[in-house]
Amino acid sequence: MYICTAQQMRELDAYTIEYGGLNELLLMEIAGNAVSHALIHNDLTRDAIITIVCGAGNNGGDGFVIARRLKEMGYNCSLFLAYEPQHLKGVAAQHFTIYNKNFPNDWQLCDQQLTRLKQQLGESTYIIDCLLGTGLEGELRLYEETLIQCINDATAYKIAVDLPSGLHATNGRIPTIAVHAKKTYTLAAPKTGFFLQQGPAVIGEWHCLNISVKIAAHAKLGMDLPQVIDDKLVSSGIPYRPADGHKGVFGYSWIIAGSSKYIGAAVFCSNAAFQTGCGIVELTTTSAIHIAIASQSPDILLTSYDEALEIPNKANVIAFGPGLGREKPTLHQAILQKITALNHPLIIDADGLYYATNMQEQLKKRSAPTILTPHPGEMAMLLKRSIDEVENNRFGVAKELAKRYDAFVLYKGHRTIITAPNGQQWLCPIGDDALGRGGTGDVLTGLLTSLLAQGSQPMAAMQVAVYIHAAAASEVGKRTGNYKMTAWQLIDALAIKLGQYIR
Ligand SMILES: NC(=O)C1=CN([C@@H]2O[C@H](COP(=O)(O)OP(=O)(O)OC[C@H]3O[C@@H](n4cnc5c(N)ncnc54)[C@H](OP(=O)(O)O)[C@@H]3O)[C@@H](O)[C@H]2O)[C@H](O)CC1
Ligand SMILES: [K+]
């Protein structure tokens, strides 16, 4: 499923109208119909008391269609207009006229004191938010701010049409206040703002409704749209596991990680790799922690980087970085030099990224794939910008880094973005605060290493890894509470989750 900015949505609308034989009036009818059907099938009970609040733009226009359709089907539905009907323009005005022909004067105006509206919202079981959609510009006006506050104050189940009013469709910012939706029925495509900044906090559960907009025309229009990772894609990306496979078939991961201070990073990364199906995992780390690791994880082969670096000849993927620390720059820089020259897929994570900043040109020349896995602080370090700057442009900076290093980039965040060297992007739509704990990043690197070792291509491995990692964490969080999930519990849950997604 493709993701659009507000501007891209407008261009695709215009294309649909010009080349698809549909006009704006019809598109709005299709949109309102699609939402009313979804509401009836998924949400509304027969005794529901529904209030639809409409603004003066086309988001409000969708609301007039929804109100008409629900009333036609006998639902108890009240329509509130934010502005006098004479302020309506274009197709929204036309749809209001159609509504008013079918249900003459069966609507109310949000009065100055908002007493009628507040009373109605208080008695409602559902509020359908059609105040503002993709047309929001700049700071919210005080009047709309007050209306949104009234909607949020009500206890009714709130459903946003296209997006919660007050949320900026493209950048995910909420300049003042936004409707806190339990659910969002978005039209034609989810908007980029759903996955950025404050967007995820207000959209609730979201569903995309097909309204005949020609999304497939994006390539013709020169748009490079990111896509959302979904269950199907994850299932198709899990490497095939033949029943007669032996350890040699399931790959050999070489993980270079850990230090006296960060023992856990090495343990979690290598165990995540081993416990998600990789045939053999070799961990190269400081000999000072060998005994601690061996007693905890006897399945992992151990070598030391305190002496000359031995390159395991069976290794088919290398991960470098978790828990290295920055205390031994000469040693770790030299290791990165050596492994960069090898013809293996190479994942660079955590402190490994610190050493990678000195090696952009060598990394760029690699013929085997390189995968960089920065969080926002590491992205800021790699691009020499502030965290605010990179976070304000997550899709853009991920592409820029991929291009600079000719690498795959897994840009961690509440909604992780993955990017191929050619700029193609995918977004993970799930993940919550259960993952906000030390060790979970090391687990992700281990899982990614394991999938590559088992034969996945880099893009598929990243898609599966971020999604399974997030889905497994949510499940553990549900069981233990999000305060309590440990990296070990997450590792245990990974293999079970992978099993659920195997075709
Ligand atoms: N995706 C599709 O193909 C379709 C989407 N539809 C729906 O159309 C809206 C977009 O409609 P648009 O008219 O462009 O914009 P909105 O309704 O979201 O917003 C316009 C109104 O918002 C007011 N506005 C703008 N900024 C502010 C602000 N800062 N504070 C308060 N109010 C603001 C604006 O008022 P003005 O006085 O500034 O004009 C307008 O009243 C999309 O989201 C979908 O719901 C189509 O129905 C079908 C096709
Ligand atoms: K809305």
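Which polar backbone atom lies 2.9 Å from an oxygen atom of ligand 1? The atom belongs to Gly 135, a polar contact being a pair of N or O atoms within 3.5 Å (within protein, one must be able to donate a hydrogen and the other to accept it, and residues adjacent in sequence count only if both atoms are side-chain atoms). The model is predicted, with local features needing pLDDT of at least 70 and side-chain atom pairs pLDDT 80 or more, while totals for chains, interfaces and linings use all residues. Residues are numbered from 1 along each chain, chains are lettered from A and ligands numbered from 1 as written, and side-chain values use heavy atoms, without hydrogens and water.

The side chain of Asp 13 brings an N or O atom to 2.2 Å from an oxygen atom of ligand 1, and a nitrogen atom of ligand 1 is 2.7 Å from a backbone N or O atom of Glu 139. The protein buries 80% of the 940 Å² that ligand 1 exposes when taken alone (Shrake-Rupley method, 1.4 Å probe; for residues, only the protein chains shown count as cover).

Around ligand 1 there are 23 residues, of which Asp 13, Asp 62, Gly 133, Glu 137 and Asp 162 come nearest; a residue is counted if one of its heavy atoms lies within 4 Å. This shell holds nine nonpolar, seven polar and seven charged residues, with Asp, Glu, Lys and Arg classed as charged, Ala, Val, Leu, Ile, Met, Phe, Trp, Tyr, Cys and Pro as nonpolar, and the others, Gly among them, as polar. Helices α1 (6-19) and α3 (58-72) each give the shell at least two residues, and α3 supplies the largest share, three residues. Here helices (H or I, at least four residues) and strands (E, at least two) are DSSP runs, numbered from the N terminus.

Turning to the sheets, seven strands form an open, parallel sheet in the order β3-β2-β1-β4-β5-β6-β7, where pairing requires at least two DSSP bridges. Strands β3 (108-109) and β7 (205-209) each have a single partner, so one side of each lacks a neighbour in the sheet. Strand β2 (residues 76-81) joins β3 in the parallel sense over two bridges, and Leu 81 stands opposite Leu 109 in β3.

Another open sheet, of 10 strands with mixed pairing, runs β8-β17-β16-β15-β14-β13-β12-β9-β10-β11.
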